[in-house]
Amino acid sequence: MAEIGFSADEARARMIGGDVRDFVALLKPRVMSLVIFTAITGMVAAPGSIHPVLGIIALLAIAVGAGASGALNMWWDADIDAVMQRTRSRPVPQGRISPDEALTFGLVLSALSVLTLGITVSWVASALLALTIAFYVVIYTMWLKRSTPQNIVIGGAAGAFPPMIGWAAVTGGVSLDSVILFLIIFMWTPPHFWALALFRKSDYEKAGVPMLPVVAGDLETRKQIVIYSTLLVPLACTPVFTGLGGIAYGFTSVVLGGIFMGLAISVWREGEEQPPSDKAAKRLFGFSILYLFLLFAVLLAEHSVRHLLA
Amino acid sequence: MHVATSGDDESKRRQRMRSLAIGLALGALVIIFYVATIVRLGPNALNKGSMRPQSPVVSVPTQQAPK
C-alpha cells in the first residue's frame, strides 16, 4: 500500500475523524446488497430447510463478511482510489477515516462474521466465508488487481461465493447446483467489468491498474466480452437440466441470454467505429446487472413457491 | 480559536456517535448469540435437568440366539 498525501481539507477531516456513515460506506453497501440477494437465493434454492432465525443470522454474517472485505479493499487501495474519479470520494482517500482505522474495522468484522457464522450456523459455510474474504483481499486486491489484466477473471470468484455460502448454511455442504450458481456469477463478472472498463479506461490508466482495455486495447477487450458472454449464456441455462431451475427460469435465461449476447455483439461491432462511442458498452454494463438480478430473482421465486406448496 | 473549538465539538460528537454504534453492534451480537443458542438447543435450553452430568451409557453386546 502506498502512502498518500493530504490537502488542508483532508487534514481537517482527518483531525475530526470519521462519521458513522463513513464506516458504513467502508462496507460498500451496494455490493453488500447484491451479496445478500445472491446468498438468499442460494439458501432458498438449497434442498432442506433452516430455522428462519438462523437463516437471518447467516445472511447477516455473510453481509458483514462481504462488507469487511470491502473495508480491507479500501484500506489497501486508498492510493489508487484517490486517483480514480469513481472512487476518490471514498472515506479513506478523503481522509475522513485513517488507513489504520479501515484496517482494524475490516479485520474485526471479518473475524466476527466468520466466527458467528461458524458457531451459530455451519462451519462449512464459515470456512467458505473466510475463503471469500481472503480471496477478495489477498488474491484479488493485493496480488492480481495491480499485476495482471486477468485480475477480474480470477478475482471474480470472490463475488461468486455468496450463493454457495448460503447453500452451505442450509445443507452443510457443497453440491453441483451450488457450483453452478457460483459459475454463473464467475462467468458473468468479466463481461460486466470489462464493459465498465471500456468507458472508464482513462480512470484505470491514471491509477496504473492493468485492466484489459488499458493493457490489450479496446478491440481485444470487446472480443473477450463476446467470448465470455458466449460461455456465460449457455451456462446460465444449465440449472434447467439439473432441476435447480424450472420452466420460468428456463424461459428467462434463454430470453435474457439472447439479449445479453446481442448487446455483447453490438459492443464488439462498436469497436469498428472511429472513435468508438462506448454507448453499447454502457448499455451492456447496465443490462448485465439486470440480467444477473433477474436470473437469481426468478430462481428465488420458483423455489419460494416450491417451499410454499411443499 | 473559534475554528479549533468547533472542530473539537464536531470531533467529540462523532466520537460519541462511533461509541454508540460500537455499543449497539456489541449489544446486537449478544442478542444474536442468545437467540441462536435458544434456537439450537430448542426446548432443552430452559431444561435444568439437561445440565446435570449424565451417567455413562454402557452398551452391553447382546448374545444372539443360535439359529
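Guide: Let's go through the terms one by one, keeping in mind that this is a predicted model.

Visitor: How do you know how much of chain A is buried?

Guide: A residue is buried if 20 or more other C-beta atoms lie within 10 Å of its own. Apply that to the 310 residues of chain A, and 48% come out as buried.

Visitor: What makes a set of residues a nonpolar core?

Guide: The largest one here has 93 residues, and A:Ile62, A:Ala71 and A:Ile165 touch the most other members. Helix α4(A) gives the most to this core, 14 residues. Both domain 1 (12-174) and domain 2 (176-310) of chain A put in at least three residues each. As for the general background, nonpolar side chains tend to be buried together in soluble globular proteins.

Visitor: Which residues does A:Ile62 contact, leaving aside its neighbours within four places in sequence?

Guide: They are A:Val35, A:Ala39, A:Leu129, A:Pro162, A:Ile165 and A:Gly166. Across chain A, 74% of the contacts with a separation of 6 or more join residues 24 or more positions apart.

Visitor: How do you know where the two domains of chain A are, and what do they share?

Guide: The domain assignment gives domain 1 as 12-174 and domain 2 as 176-310. Taken over C-alpha atoms, their centres are separated by 22 Å. Their contact takes 27 residues from domain 1 and 25 residues from domain 2. On the domain 1 side, α3 (29-45), α9 (151-160) and α10 (162-171) of chain A each give two or more residues. The largest share, seven residues, comes from α3(A). That side divides into 17 nonpolar, seven polar and three charged residues.

Visitor: And what makes up the contact between chains A and B?

Guide: It takes 13 residues from chain A and 12 residues from chain B. On the chain A side, α1 (8-16), α4 (52-76) and α7 (99-120) each supply at least two residues. The residues on that side divide into six nonpolar, five polar and two charged.

Note on methods. Residues are numbered from 1 along each chain as its sequence is written. Chains are lettered from A and ligands numbered from 1 in the order in which they are written. This is a predicted model: local features need pLDDT of at least 70, side-chain atom pairs count only at pLDDT 80 or more; totals for chains, interfaces and linings use all residues. Two residues are in contact if their C-beta atoms, placed from the backbone, lie within 7 Å. Helices (H or I, at least four residues) and strands (E, at least two) are DSSP runs, numbered from the N terminus. Ala, Val, Leu, Ile, Met, Phe, Trp, Tyr, Cys and Pro count as nonpolar, Asp, Glu, Lys and Arg as charged, and the others, Gly among them, as polar. Domain bounds come from an automatic or database domain assignment. A nonpolar core is a set of buried Ala, Val, Leu, Ile, Met, Phe, Trp, Tyr and Cys residues joined through C-beta atoms within 7 Å. A residue is buried if 20 or more other C-beta atoms lie within 10 Å of its own, exposed if 12 or fewer, and partly exposed in between; C-beta atoms are placed from the backbone.
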